[in-house]
Amino acid sequence: MAQTKGDATGAAESEIVVAIPLFHRFTALDAVGPYEALHMVPGLTVRFVSAREGEAIAADMGMLRLLSTASFADLQQPDIIVVPGGPGSFAALSDPLFMDWLKQAHTTSTYTTSVCTGSLALGAAGLLEGLHATCHWSCYKDLAAFGAVPSEQRVIQQGKIITSAGVSSGIDMALHLISLLKGEEVAKMVQLLIEYDPQPPYDVGAPSKAGEELVKKTKDFSQYFLNKLPTN
C-alpha cells in the first residue's frame with residue numbers, strides 16, 4: 001500500500017509499492033522485464049514476494065534464482081500486483097498461500113496485472129470472468145476456461161486489471177503501467193533509458209502473423225524446452 005515518506009527536501013512523497021509474486025518455475029523475463037522498467041521510476045518500490053522473505057525462488061530451468069524481499073504475510077496491500085507466468089503457473093494455482101494472497105491483495109490494489117500465463121492466476125482467483133484478457137498464445141483455451149475472452153492483443157486493460165501476452169510483452173505492459181501512474185513522458189523516458197526499441201528480424205511474434213504451419217511446428221519445438229525442465 002502507498003506509504004508517505006519525506007524526500008531530500010523534507011516534503012512528503014507517496015511511495016507506490018509494486019509486488020511481483022514468485023513461484024517455483026516462473027519465467028525469468030516475465031518478472032525481470034517489468035522489474036527493470038518499474039524500479040527506475042521515482043516513487044516506485046518493487047518487491048519480490050513469496051511465502052517467506054529471503055527465499056531464493058528458482059526460475060523454470062533451475063539455473064537462475066530471484067531473492068524474495070518480502071513475504072505474503074508482510075506485504076498484504078501492495079498498490080500494484082504483477083503476476084509473472086511460466087511452466088510453474090499451473091502448480092501455483094493450487095498453492096493456497098499464493099492464491100489467497102492474490103485474492104486479498106487485489107481487493108485494495110490500484111492495478112492488478114499479469115504477464116504471459118500469469119493471467120491464469122487472475123482467472124483462477126475469479127478476476128477475469130467476462131473480461132477480455134490475454135496470455136501466451138498456447139494457453140488461450142486455459143484462459144477461456146476461467147470465463148475470460150482471450151485476445152491476441154499484446155496489452156489489454158479492463159478497469160484496474162491489465163493482462164499482457166507472452167514473456168516479452170511484460171515490458172510493454174510495464175511501460176503502459178508507468179504512463180498510468182506517472183504520465184506518458186515518464187514512460188517515454190524509461191523506454192529510452194532501457195533502450196527498448198524492438199526491431200526483430202522476423203515479423204512472426206504472434207500466431208496471426210506466423211501462420212498455421214509455423215504455429216504447429218513451434219508447438220512441437222516447445223516440447224524440446226519442456227522436456228529439459230527440471231522435475232523438482
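Student: What makes the radius of gyration of the chain agree with that of a compact globule?

Tutor: The radius of gyration is taken over C-alpha atoms, and the globule rule is 2.2 Å times the number of residues to the power 0.38. For 232 residues a compact globule would come out near 17 Å, and the chain has 17 Å, so the two agree. This is a predicted model, in which local features need pLDDT of at least 70, side-chain atom pairs count only at pLDDT 80 or more, and totals for chains, interfaces and linings use all residues. Residues are numbered from 1 along each chain as its sequence is written, and side-chain values use heavy atoms, with hydrogens and water left out.

Student: Why is D197 called exposed?

Tutor: Exposed means over 50% relative accessible area, buried under 20%, and partly exposed in between (1.4 Å probe, protein chains only). D197 has 51% relative accessibility, and therefore counts as exposed. Of the 232 residues in the chain, 43% are buried.

Student: What joins the side chains of D197 and Q199?

Tutor: A polar contact of 2.7 Å. The term requires a pair of N or O atoms within 3.5 Å; within protein, one must be able to donate a hydrogen and the other to accept it, and residues adjacent in sequence count only if both atoms are side-chain atoms.

Student: Where does D197 lie?

Tutor: D197 is in the loop between α7 (184-193) and α8 (207-210). Helices (H or I, at least four residues) and strands (E, at least two) are DSSP runs, numbered from the N terminus. The chain has 9 helices and 12 strands.
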